[in-house]
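Subject: Structure handover

Hello,

Here is the structure I said I would pass on. Please look it over before reading the notes under it.

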Amino acid sequence: MKLKKLFDSAVQHGIDADPRTRKGVEKLLKKQKERMKKLDEKEKEYFDEERTWNPYADTRIINGSGEEDVKTLMVGIDGETQEVLLADRLREKGHKIDCMFIHHPEGRALADLDKVMPLQVDLLGLHGVPVNHSEAQIRPRMDKIWRAIHADNLFRTERAAELLGIPAFTCHTVTDNLVWRYMEKHICAKQYDDLGEILNAILEMPEYKYYAKKGNPPIIVNGSKSSRPGKIAATEFTGGTNGPEEFLESQSRAGIGTILSMHVTEKTLEEAKKHNVNMIQCSHMASDAIGINLLLDLLTKEEKNLQTVDASGFVRVKRK
Ligand SMILES: [Fe+2]
Ligand SMILES: [Fe+2]
């Protein structure tokens, strides 16, 4: 399959799993198209046209024309210069690698990470948090992320890939949406007596089991094995990066009793304690791997011969 087709398809799967629903996402894309039409020549120069069809600013091809044939992907949760060198070294040793699939954003996908964060407002909205509250709370956090990333050396990975002639794309919120939906359906929607039972259910998933055996299990960071869960929500799985700690109070008021997350900041943990919200920190890498695996399962239906070289924290698990 051509890289462009594979990438487009990934974006569509991300939209299908989006908390804003396909209809909501299409409305946003339409607004971007209208915005683009109104720009003058000077403004057009800086407008990112990709935003008119791909709602995920952290998901894009960072090297390649899109015309490359892709059958074997080197998949990594992080992909920086060292992974590009690894791909090149493996190619040298005779391994077939057509393209790098990188989860955490690099290049422009990293520069624009803050722009995927408003999705969190809709996600919390699904759990009853008023959108006006979470929108006001997320703005300062988005500005902070924008300023923090702004100073980074953003284009090292893509330059390394360019120099070594290795096509690469980042695919972040797309697969995070998939794992979010999966956790909501397979964990949050079920009934448990206590957090211990939730941990056991999480450990049934092969990626979590794999990581737990290596010393990186899901952990309860607030509450205990015997704590009652109340309403469970996987609100810290998608939306670019951690939301502001103020979200904890809002979620507590909205009636959420237990939050499943990929990673928890110290400030968020403090707020969780203050507002009596249980938190389970599922393994970050295992969680990201599930999202990627769910996408690869879908892509394999379209490209039967899709193969992976697992690298940088990723482990391929196929689901029926
Ligand atoms: Fe992720
Ligand atoms: Fe991640």
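Predicted model: local features only at pLDDT ≥ 70, side-chain atom pairs only at ≥ 80, totals over all residues.

Residues are numbered from 1 along each chain as its sequence is written, and chains are lettered from A and ligands numbered from 1 in the order in which they are written.

Domains

In the interface, 30 residues of domain 1 are in contact with 25 residues of domain 2, contact meaning that the C-beta atoms of two residues, placed from the backbone, lie within 7 Å.

On the domain 1 side, the elements that give two or more residues are helices H6 (119-126), H7 (131-150), H9 (173-188) and H14 (284-302). Helices (H or I, at least four residues) and strands (E, at least two) are DSSP runs, numbered from the N terminus. H7 gives the most to this side, with 7 residues. By class, this side has 15 nonpolar, 10 polar and 5 charged residues. Here Ala, Val, Leu, Ile, Met, Phe, Trp, Tyr, Cys and Pro count as nonpolar, Asp, Glu, Lys and Arg as charged, and the others, Gly among them, as polar.

Helix pairs

Helix H4 (residues 81-92) packs on helix H8 (residues 156-164) at an angle of about 20°, with the axes 8 Å apart. Axes are lines fitted to C-alpha atoms, for helices over the stretch in contact, and angles run from 0 to 180 degrees between N-to-C directions. H4 is therefore roughly parallel to H8. Angles under 35 degrees count as roughly parallel, over 145 as roughly antiparallel, 65 to 115 as roughly perpendicular and the rest as oblique. The contact is made by Thr81, Val84 and Asp88 of H4 with Arg156, Thr157, Ala160, Ala161 and Leu164 of H8. Those residues divide into 4 nonpolar, 2 polar and 2 charged.

The axes of helix H1 (residues 3-16) and H14 come within 10 Å and cross at roughly 130°, so H1 and H14 are oblique to each other. In this pair, Leu6, Ser9, Ala10 and His13 of H1 meet Leu295, Leu298, Leu299 and Glu302 of H14.

Sheets

One open sheet has 4 strands in the order S5-S8-S7-S6, with mixed pairing; two strands pair if DSSP finds at least two bridges between them. Strands S5 (219-222) and S6 (231-236) stand at the edges with a single partner strand each, so one side of each has no neighbour in the sheet. S5 pairs with strand S8 (residues 278-281) in the antiparallel sense over 3 bridges, and Ile219 has Gln281 as its bridge partner in S8. Helix H13 (residues 266-274) lies across S5 and S8, at about 70° to S5.

The other open sheet has 5 strands in the order S1-S4-S3-S2-S9, and its pairing is also mixed. Strand S2 (residues 72-76) pairs with S9 in the parallel sense over 4 bridges, with Leu73 opposite Thr308 of S9. H8 lies across S1, strand S3 (99-102) and strand S4 (168-170), running at about 55° to S1.

Regards
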